[in-house]
Amino acid sequence: MALRHAVLAALLDEELSGYQLAKAFDLGVANFWQAAPQQLYAELPKLERAGLVTGRKVVQEGRPDKRVYEVTDLGLAELERFAATTGKPSLIRDDLMVKVQAADHVDADVLTARLAERIAFAQARIELFDGLLRRMRGDATEEEYLRHGARIGPYLTCLRGLAFERGNREWYERTAEVLRARQAARG
C-alpha cells in the first residue's frame, strides 16, 4: 500500500486541509498506517497533480488562507483498483519483541518496566478507540450500527484497532507476569 491510498481513504468523508487531514489521520487512519504530517502535506499536491484529488483555496479572516482537498472520481477509481489488488499480510516488526526474545540474558526488571510502558500505551489506545466507536455509533447499539451505520469502513478499522490493542495489552501483561514469577522463583 502506498501513502496515496491511505490519504485518499482519509478524504472520503469530507474535504480537508492538510492540517485537518493530519488530525483525521491521527484519529483514524493512523490505526493502520503511519505518516508524519510533513509526509501528508507533501502527498496532497502529488495527488492533485495526478487528478486523484481536487484542491481549492479557502480565504480566512485573521488567519492565512488554506487549501482544502477532496477525492475526485479518478481518485475513487484508484481506490477501487487498489481494493481489488491482493495485499501483503502484516508482519510484526517490534523492538520490544527482540528485547523479550533476549529475556533470559537481560535484566528482568528493566524488561518488565518496558512492558509496563507498553501496557499503559495500549490502555490509552483502547480508551481512544472506545471513545471513537461510541462517537461514530451515537445512540445506536453496535449491532444496529454494523447493520445500518452510515460509514462502516472507519468503524470496522476502529474495531480492528481496538482488538489489536486489547491483544497487545493482554500479551504485555502475561509476559510481565511470567517474567516476575520467574524472577521471584530464582529468589
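Hi everyone, let's start with two helices: α1 (residues 3–10) and α3 (residues 37–49) pack at an angle of about 85 degrees, with their axes 10 Å apart. Axes here are lines fitted to C-alpha atoms, for helices over the stretch in contact, with angles from 0 to 180 degrees between N-to-C directions. That makes α1 and α3 roughly perpendicular, a label covering 65 to 115 degrees. Helices are DSSP runs of H or I with at least four residues, strands are E runs of at least two, and both are numbered from the N terminus.

A word on the source: this is a predicted model, where local features need pLDDT of at least 70 and side-chain atom pairs 80 or more, while totals for chains, interfaces and linings use all residues. Residues are numbered from 1 along each chain as its sequence is written, and side-chain values use heavy atoms, leaving out hydrogens and water.

Which residues of α1 meet α3? L3, R4, V7 and L8 do, touching Q39, L40, E43, L44 and L47 in α3, where contact means heavy atoms within 4.5 Å. Six of the eight residues in α1 are buried, that is, under 20% relative accessible area, with exposed over 50% and partly exposed in between (1.4 Å probe, protein chains only).

E48 is partly exposed at 25%, and R67 is partly exposed at 34%. Thanks, everyone!

Definitions and conventions:
Parallel < 35°, antiparallel > 145°, perpendicular 65-115°, else oblique.
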